[in-house]
Amino acid sequence: MIPLPPDIALAQQVVLGDPARLTNRPAPVWDPARMALLADLSRTLLAMPAARALPDVVTFAYWARAAHLKALSREAAHPDPPRVGLGLVFHICPSNVPVNVAFSMAFGLLAGNTGVLRLPSADSPTITALVDGLAAVLARPEHAALAEALLLVRYARNDAVNAVWSARADGRVVWGGDATVQHMRGFPMPPRAREVSFPDRYSLCSLKAEAVLALDDAGLEALCGQLYADVYIMEQAACSSPQLIAWVGDAETVTQAQARLWPAFAAHVKGRHPLAPIRAMDKFVAACDSALAEDVRAVHRHGNTLYRVDLAGLRPEQESCRGYAGTLHEVVLDSLDALAPIVTDRYQTLTTFGHPRDDLARFVTAHGLRGIDRVVPVGQALDMGVIWDGYDIIGSLSRVIDIR
Amino acid sequence: MPESHDRPAEPVTDWPCFGLGGAEKRDRMLAEMRRLTAHHRAACAPYRAIVDKLGFANEDRIAALEDVPFLPVRLFKRQRLLSVPEADVVKTMTSSGTSGQSRSQIFLDKATSALQVKVLSRIMAEVMGPKRLPMLVIDCRATVADRYRFSARTAGILGFSMFGRDVCYALDDDMTLNPERTRAFLDKHAGQDILVFGFTFIVWRHLVRALEAARETLHLDRGILIHGGGWKQLQAEAVAPDAFRRGIADVTGMTRVHNYYGMVEQTGSIFMECAAGFLHASAWSEILIRDPVDFTPLPPGETGLIHLLSVIPHSYPGHSLLSEDIGQVLGRDDCPCGRMGTRLRIDGRLEHAEIRGCSDTFAA
């Protein structure tokens, strides 16, 4: 049991769990009981109509199914010596990507920890579905023992609550970007405690023009579907959502590839993606703003579905150049190597299409890049792994016991 | 055949205020929109960049009002947009914006400023006659006295004050009604028409509600109320136009009540409510409705974003603006009040969802 001062207990709203029962006793990593809980959650969510309607929840549910968790545990690089959790992990969950509440919780549990999760203060269908699913699963007798390993709370901006949970945490997971990470650093944790934090990142996509031109119609449609998943499911709000499309090829080939891909892509998106009116306005205002920059040659508008900001070249501070809800910046390069000078430690995910694997491997190793933690095929930008943002998350949230 | 972009032979201020309809209104507005689009493209580099880079029609390709390029109203909160040299700016207007956001900046030269006054005078004359009237402001003096708190309210009161004389503020600085001062003013001007001006939510809360609560009345049967600005932070207290008129009539006897719709970005060419209860575009403005998601034009009777056209803005590129207000065109040239032109209804504003981004864990 973790005692809380009464005023703190009042300041937070308990969404799920019981603070009085909470434990900080660690469990082994990849504990079968915890994998069973997540697998059950996966089945439960997929059976809930409200959850099935949410692409992000469905993505998590597929990730958490039994077979996939088993595969992940086999791939994990820590079978022996034994690893156990740190104890209690305090999670600051992001509101821009609500489904990461579920991933953060799952990583913490699988690493053998108790999780105290601060949910985003704004309600969302995703959070509601996840909490409902989790409540149903935890109510089952076979998972009763795990009730002491989870607490979901919600509180308005309140540094006293942040301080109390930080002081009791053996680990802290902070989502939400630079400002939040810096803010949370102000709350001391016990000396042995660790932190896994996710500051602002920038992600991009590189398409090889000749490979796009070589596609048949079915292949083009498949590429559109993959780009759609990367760009629109999170409306480019996730750190791994591509902001920049870096075409590789000569100017003429790229022009032809653009003429082939973008109308097909806009048609693919239209009707699939429900754009909120305020997003459409935000997007239009941002497009007007960006037109004022000299290196912007045009803002191609495919209705309001897709905006493409045609850049004359890469910017020195390309990473500050983001788009929302379907605004892609576009640049034409001779080769991948041209990207190297702009890559800073902000760069996270490079999604690619049509590049030979050797080119990619050489690119990420040959230039002494301080960034780019993931290189994945188009369509997998949002696929959450146990390796994320350069962290082995399960490893980071657990400790090794050296037995000789 | 592209038309000449020179100034029209007949000054726009000679146009009949509510007498233009059908093709005549459309053609005159279209010619002005072409001329202004050409003017701002030539005189305002940022405007030109937006129009050209976003693929809007330039003046030679504008075949209908729907083709006129439009800027989002919000852009004036983000960029300094001028179509005259800085030295020609005689006045900068600002708007308060919603809840602490940045303010619009609107730069006026002499000509644009004069055109605002002329057009507003013509529209006001339709409801109050050509002469200045004794004016009762439903607000407090502090609203205009404190220049550091310059707001949409300040601008509105000062702007409309040019149609009044012997101005009296009905409210004390703590926003309570001062019945003694108000009655003395009304006694002094007994038997005359009185111009009454205030913001909708202030008139409702601090005049109507206050009189109701005090079980008092004022004798304002010769009053002409001009009110605008909507309900702002008092959205929960909002009442329908009919109930608003009834409430006013019950406590003041005032039946000449005119709501107006307008924005600082198109000051002058306001939309005034007629006796039949409909907002009207005057000769100098026009309204289009656009789909809130894809911005395609919508026919009368459908609800969407308000796109405002005005012939006034010359010193800044504000002749065609996409607002964040929601409403519909109810009809054209068909109002029971006899006015020609477009009548419209405002239903509210775009809902502002939370700003998504990577740094917003604590934003909400």
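## What "buried" means here

A residue counts as buried if 20 or more other C-beta atoms lie within 10 Å of its own. Keep that in mind as we look around this predicted model.

## Inside helix H12 of chain A

Let's start with one helix. Which residues of H12(A) are buried? They are Val254(A), Ala257(A), Gln258(A), Leu261(A), Phe265(A), His268(A) and Val269(A).

H12 itself covers residues 251-269 of chain A, and from first C-alpha to last it reaches 26 Å, close to the 27 Å expected for its 19 residues. After the helix comes Gly271(A), with a positive phi near 90°.

## Chain A as a whole

Now step back. Chain A contains 15 helices and 17 strands. Its radius of gyration is 22 Å, close to the 22 Å that the globule rule gives for 404 residues, so chain A is as compact as a globular protein of that length. Its C-alpha atoms fill a box of roughly 65 × 50 × 40 Å along the principal axes.

Of the 404 residues in chain A, 46% are buried. Among contacts between residues at least 6 apart in sequence, 76% link residues at least 24 apart.

## How confident is the predictor?

For the complex, the predictor gives an ipTM of 0.91 and a pTM of 0.88. Chain B has a mean pLDDT of 90, with 91% of its residues at 70 or more. Still, pLDDT stays under 50 over residues 1-5 of chain B, and also over residues 353-364 of that chain.

How values were computed:
Residues are numbered from 1 along each chain as its sequence is written. Chains are lettered from A and ligands numbered from 1 in the order in which they are written. This is a predicted model: local features need pLDDT of at least 70, side-chain atom pairs count only at pLDDT 80 or more; totals for chains, interfaces and linings use all residues. pLDDT is the predictor's confidence in each residue, from 0 to 100. Two residues are in contact if their C-beta atoms, placed from the backbone, lie within 7 Å. Helices (H or I, at least four residues) and strands (E, at least two) are DSSP runs, numbered from the N terminus. The radius of gyration is taken over C-alpha atoms; the globule rule is 2.2 Å times the number of residues to the power 0.38. A residue is buried if 20 or more other C-beta atoms lie within 10 Å of its own, exposed if 12 or fewer, and partly exposed in between; C-beta atoms are placed from the backbone. The expected span of a helix is 1.5 Å times one less than its number of residues.
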